[in-house]
Amino acid sequence: MEYDVIVIGSGPGGYVAAIRASQLGMKVAVVEKAELGGVCLNWGCIPTKALLKSAQVYEYIQHAAEYGIVLKGETTADFEGIVKRSRGVAESMSKGITFLFNKNKITTLQGIGKVKPGKIVSVTAADGTTTDYTAQHIIIATGARSRELPNLPQDGKKIIGYREAMTLPKQPKSMVVVGSGAIGSEFAYFYHAIGTEVTLVEFMPNLVPLEDEEVSKQLERSFKKSGMKVYTSSSVEDVDTSGKLCKVRIKTKKGEEFVDAEVVLSAVGIATNLEGIGLEECGIRTEAGKVVVDEFYRTSSAGYYAIGDIVRGPALAHVASHEGIICVEKIAGLDAEAMDYGNIPGCTYTHPEIASVGMTEKAARDAGYDIKVGKFPFSASGKAKAAGASEGFVKVIFDAKYGEWLGAHLIGDNVTELIAEAVVARKLETTGHEIINAVHPHPTMSEAIMEAVAAAYGEVIHL
């Protein structure tokens, strides 16, 4: 019953921390109340990408004639089949975590975990029995859930969150999506692509409001071009669910409008899972719904740590994983390097995809930088043209004085695979001229990064 490390939560922060701790010779246990892998593997990152891939394949089929392929007969989206495939992918990935835990001799404690003073974790099993376990170090990685607004109470049927959106019993004919962050935009794209009439409502002036404004405007153009109805600078005031259809009242710049829809998806962010896990009893300080930690994720109570969505920083799977590694390596006495939160890539898997890292153009100017901005459209890329994916662009921002790469913002086909070049280059403090002089393969989408950098320095060839 005694461990070196106990981790509460097996999401991308928790399971990675557990495996790294085991690699470093520690005796490790993980408390999990549901499926191994947490929300990300089971109800978030992975199954949503499976849904989006099905939508992309369906779109390819619908546009097959543009590639010289003639298909005979009607093609339809099998919603049940799409959902079944998505759940199968999630189940497979969760089993992968079980394999990794067994390989690394990590104990799984099934139940609801609660921290207690004295470095104790109390685990309540499904049958109600409670067992206490002790550890030298306790890492809290309980993650987050769909945030609910008072005027959009989720009933799981007509007003739903992201979890229900992945497993609806049948495809809705119409849907209103509230919120255009990564989750809202991805689900809006998915359902629209397979034939649902989608209305996307965003409170801020731009879609994906954390992105560079030019990227946001491009996504809005793409969505509208595809036939999706988009409202920006608008808010859903209330939803009448008394009838067969939801009657959604939307406050817009031009006044009020009403939209009927079978389902309303609330995608207005997340709420951290901090309730009932013993933080107060252990003297663990919280602030604005987040656990307060130092750069190595130590809380205000010695021996207790917190990582992932429950601490300040981007609520992203790869961030949680890296936090887990840093936390454990510091516990093990290694020379751990604190996270650079200014160099975290963000990805949105719509069509076109979005990927970014660092400062937006506005943020760089507001910070007082004299900047060089380069932009290269995929319409000028041979690979993009050949692939039938000429929508979007690469935009890069450099400090004019010292050549620091301040930001990169991409929208287009497969750009979530391209952004790593900018992340690594920024980590290595690479200059723009070094990117220009690094030979990029032709024809590839990655050439657009080099061309955009060349454009910032007045050396672009293909524009």
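**Briefing: a predicted protein chain**

Asn414 lies in the loop between strand 24 (405-412) and helix 11 (419-427). The model that contains this residue is predicted. The protein chain has 13 helices and 24 strands. Its radius of gyration is 24 Å, close to the 23 Å that the globule rule gives for 463 residues, so the chain is as compact as a globular protein of that length.

**Backbone features**

- Most residues other than glycine have a negative phi, and most peptide bonds are trans.
- Asn414 has a positive phi, near 65 degrees, and is a residue other than glycine.
- The loop between helix 4 (79-103) and strand 3 (107-110) holds Lys105. Its relative accessible area is 73%, so Lys105 is exposed.
- A cis peptide bond runs from His351 to Pro352, with omega near 5 degrees. Pro352 sits in the loop between strand 20 (346-348) and strand 21 (353-358).
- The peptide bond from His442 to Pro443 is cis as well, with omega near -5 degrees. The loop between helix 12 (432-437) and helix 13 (447-456) contains Pro443.

**Overall dimensions**

- The C-alpha trace of the protein chain spans about 65 × 60 × 45 Å along its principal axes.
- Of the 463 residues in the protein chain, 51% are buried.

**Salt bridges**

- The count of salt bridges comes to 21.
- Asp132 and Lys116 form one of them through their side chains, at 3.1 Å from N to O. Asp132 belongs to strand 6 (residues 130-140) and Lys116 to strand 4 (residues 112-116), so this pair ties together parts that are 16 residues apart in sequence. Asp132 is partly exposed, at 37% relative accessible area, and Lys116 is partly exposed, at 30%.
- Glu275 and Arg145 form a salt bridge in which the closest N and O atoms are 2.8 Å apart. Glu275 is in the loop between strand 16 (270-272) and strand 17 (286-287), while Arg145 is in strand 7 (residues 144-146), so the pair ties together parts that are 130 residues apart in sequence. Glu275 is exposed, with a relative accessible area of 54%, whereas Arg145 is partly exposed, with 34%.
- Arg365 and Glu361 form a salt bridge with the closest N and O atoms 2.9 Å apart. These two residues are four residues apart in helix 9 (residues 361-366), which means that about one helical turn separates them. Arg365 counts as partly exposed, at 48% relative accessibility.
- Arg365 and Glu361 also belong to a network of salt bridges that links Asp212, Glu214, Glu361, Arg365, Lys375 and Lys395.

**Surface patches**

- Lys217, Arg221, Lys253 and Lys254 form a positive surface patch. Lys217 is in helix 7 (residues 213-225) and counts as partly exposed, at 33% relative accessibility.
- A nonpolar patch on the surface is made of Val57, Tyr60, Ile61, Tyr67, Ile69 and Leu71, which together have about 520 Å² of accessible area. Tyr60 is part of helix 3 (residues 45-62) and counts as partly exposed, at 41% relative accessibility.

Methods. Residues numbered from 1 in each chain as written. Predicted model: local features only at pLDDT ≥ 70, side-chain atom pairs only at ≥ 80, totals over all residues. Heavy atoms only, no water. Patch = residues over 30% accessible without salt bridge, like charges linked within 9 Å, V, L, I, M, F, W, Y side chains within 5 Å. Areas by Shrake-Rupley, 256 points an atom, 1.4 Å probe, with all protein chains shown as cover. Salt bridge = Lys/Arg side-chain N within 4 Å of Asp/Glu carboxyl O. Lys, Arg positive; Asp, Glu negative; His and termini not counted. Charge placed at Lys NZ, Arg CZ, Asp CG, Glu CD. Buried < 20%, exposed > 50% of the residue type's maximum accessible area, 1.4 Å probe, protein only. Rg over C-alpha atoms; globule rule 2.2 N^0.38 Å.
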